[in-house]
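Q: I would like to learn how to read the side-chain features of a protein model, one feature at a time. Could we go through them together?

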Amino acid sequence: HFSAVSASVTSLSSRCAGIVGVGVGSMCGRTLRECRGLCAPDAGPVQLAAVVLGLLDHDDAAVRDLALRALRQMLKQHTKYFGPMVETVVRKLLERHRETDRDVLRSAEETLSVLSNTVSAAKCVLILRPIILNEDGPVLLAAIKLVTKVLKKLSMEELESLLEHIVPGMIKGYNHTMAEVRKGVVFCLVEIHLILGDALTPHLGALSSSQKKLLGIYIKRAEDRLREQTRM
């Protein structure tokens, strides 16, 4: 059984690799659908993942979209095989947020959401730290949103121990020229405050008085909203 699966994976990998630079057609769609449906043991999923990740950079949007769907399915079915390559997958998915094709962008967002449920929150935070400090534009915004999502899964102790990996990037992002990035930073800091309370305050010394005031307004709104929800 394993030899048959290995042969199938090797053949499938060759066919996928052959698509790049050769053009797009029904073969591409059929190949990726086979990738999505294949449940292979041991090294099979790793080989397929490498092929699919390569297709995320294809010139044709239809291929990129299919590759993201395939990757999404593989993340659900073969989670354990992505451990060694999770950082690469995160980076690849964040890079796809530069997409101009709406379908591909939406598919990238959905795939990143699936990935966030398969990787430990702490590991995700550590992977995102250098990305948030060094990236810009849509990739930076997507990384900030992902941190905001995963930190909700952390305990108070875990989150407090990771503040040194989160806050520097947020402070830098708070000074970004893009309003969306600044807003994303505020939402992230609000979520942290909802978990840690005033334990966050000592880490915000680099913020200006106006930035702290704005953050305080959003924190109060979030706290008021939570109180209202508990009364219902």
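Q: How many salt bridges does a search of the whole structure find?

A: Before the count, a word on the basis: this is a predicted model, in which local features need pLDDT of at least 70 and side-chain atom pairs count only at pLDDT 80 or more, while totals for chains, interfaces and linings use all residues. Residues are numbered from 1 along each chain as its sequence is written, and side-chain values use heavy atoms, with hydrogens and water left out. Side chains of opposite charge can pair when their charged atoms come close. With a salt bridge taken as a side-chain nitrogen of Lys or Arg within 4 Å of a carboxyl oxygen of Asp or Glu, the search of the whole structure finds 11.

Q: Where in the chain do the partners Asp57 and Arg96 lie?

A: The side chains of Asp57 and Arg96 meet in a salt bridge at 3.3 Å, N to O. Asp57 is in the loop between helix H3 (44-55) and helix H4 (61-77), whereas Arg96 is in the loop between helix H5 (86-95) and helix H6 (102-116), so that the pair links distant parts of the chain, 39 residues apart. Helices here are DSSP runs of H or I with at least four residues, numbered from the N terminus.

Q: Is Arg96 buried or exposed?

A: Burial is read from relative accessible area, where buried means under 20%, exposed over 50% and partly exposed in between, using a 1.4 Å probe and protein chains only. Arg96 is buried because its relative accessible area is 13%, whereas Asp57, at 41%, counts as partly exposed. Asp57 and Arg96 are also linked with Arg64, Lys92 and Glu99 in a network of salt bridges.

Q: Which helix holds both Asp103 and Arg106?

A: Both lie in helix H6, three residues apart, which is about one turn of the helix, and their side chains meet in a salt bridge at 2.6 Å, N to O. Asp103 is partly exposed at 42%, and Arg106 is partly exposed at 43%.

Q: How many aromatic pairs are there by the ring rule?

A: Rings of Phe, Tyr and Trp (its six-membered ring) pair if their centres lie within 6.5 Å, and planes under 30 degrees apart count as stacked, over 60 as edge-to-face and the rest as tilted. By this rule the count comes to one aromatic pair. The ring centres of Phe187 and Tyr218 are 5.9 Å apart and the planes stand at 65°, so the pair is edge-to-face. Phe187 belongs to helix H10 (residues 179-196) and Tyr218 to helix H11 (residues 209-231), 31 residues apart.

Q: Which residues have the most contacts inside the largest nonpolar core?

A: A nonpolar core is a set of buried Ala, Val, Leu, Ile, Met, Phe, Trp, Tyr and Cys residues joined through side-chain atoms within 4.5 Å. The largest one has 66 residues, and those with the most contacts inside it are Leu71, Leu94, Leu115, Leu128, Ile192 and Leu215. Helix H8 (residues 137-150) gives the most to this core, with nine residues.

Q: How many disulfides does the structure hold?

A: A disulfide is a covalent bond between the sulfur atoms of two cysteines. Counted as a pair of cysteine sulfur atoms within 2.5 Å, the structure holds zero disulfides. Cys124 counts as buried because its relative accessibility is 2%, and Cys188 is buried at 0%.

Terms used: Helices (H or I, at least four residues) and strands (E, at least two) are DSSP runs, numbered from the N terminus.
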